[in-house]
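Hi there,

Here is the structure I promised to pass on. My notes on it follow below.

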Amino acid sequence: LLPRSSCEGRRDHMWSMLFFGAARGGRWEGVEADWEDPQMFRAEGGKVGGYCMAVPSAAHAGRGAAITTPFTLLSGKPYTVSAWMRADVEDYPGSIALLHYLGPRHHQGMAGAYPRLTTQWQRVSFVATPKPPVETPGEDQTAAPLEAVLQVAPSATIHGTVYVDGLQIEA
């Protein structure tokens, strides 16, 4: 369902960055997006090709995440999401999640995986069955189309980089 699964292109308009604030040491902090915080980049050493996507943690505060352009899924239908993932440090908390996009469930998670990554590539997968975009009593919303995005994120509290390649969403 994704237009491509590898990260070989120099500029990939399928992905963009999304920023969140986060609590660190019991204090709320926001991302400093106008400085160096963080930008995904194309990195050498991909699993399925010569390159992969690298998503670094924020240098100061908050959390950055790479997010795809929206695509359409059908509610009530299971989808398997999988990707090759690794980190630049051992035992690093990363995440990959399928989220609702736009509508009443905007950015609510459908399902995700939260692996403790190592410096070696590992296959990460999960199954998501999207809920209808709007649940109207008495109305059958089974197989209603909805917009979704895929999100890849590093830890909000531990500095490091998540690398991802070979992403797939299968119906």
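This is a predicted model: local features need pLDDT of at least 70, side-chain atom pairs count only at pLDDT 80 or more; totals for chains, interfaces and linings use all residues.

Residues are numbered from 1 along each chain as its sequence is written, and side-chain values use heavy atoms, with hydrogens and water left out.

Now the overall picture. The protein has 15 strands and zero helices (DSSP runs numbered from the N terminus: H or I of at least four residues for helices, E of at least two for strands). Of its 171 residues, 46% count as buried. Taking contacts (heavy atoms within 4.5 Å) between residues at least 6 apart in sequence, 74% join residues at least 24 apart.

Back to Tyr92, which sits in strand β9 (residues 92-93). Its side chain reaches the backbone nitrogen of Ser155 at 3.1 Å. Beyond neighbours within four places in sequence, Tyr92 is in contact with residues including Ser57, Ala87, Pro115, Pro154, Ile158 and Val162. Pro115 is 23 residues from Tyr92 along the chain, and their C-alpha atoms are separated by 8.0 Å.

Next, the cores. A nonpolar core here is a set of buried Ala, Val, Leu, Ile, Met, Phe, Trp, Tyr and Cys residues joined through side-chain atoms within 4.5 Å. The largest one has 31 residues, of which Met85, Ile96, Leu98, Leu150 and Val152 touch the most other members. Strand β8 (residues 79-87) gives the most to this core, with five residues. A second, separate core has five residues, among them Ala43, Ala54, Trp121 and Tyr163. Met85 also has contacts with Trp121 and Tyr163, as well as with Ile96 and Val152, in a list that leaves aside neighbours within four places in sequence. In soluble globular proteins, nonpolar side chains tend to be buried together.

Finally, have a look at His100, found in strand β10 (residues 95-100). His100 is buried too, with a relative accessible area of 4%. Not counting residues up to four places away in sequence, His100 touches Arg105, His106, His107, Gln108, Met110, Lys131, Leu146 and Glu147.

Note on methods:
Buried means under 20% relative accessible area, exposed over 50%, partly exposed in between (1.4 Å probe, protein chains only). A polar contact is a pair of N or O atoms within 3.5 Å; within protein, one must be able to donate a hydrogen and the other to accept it, and residues adjacent in sequence count only if both atoms are side-chain atoms.
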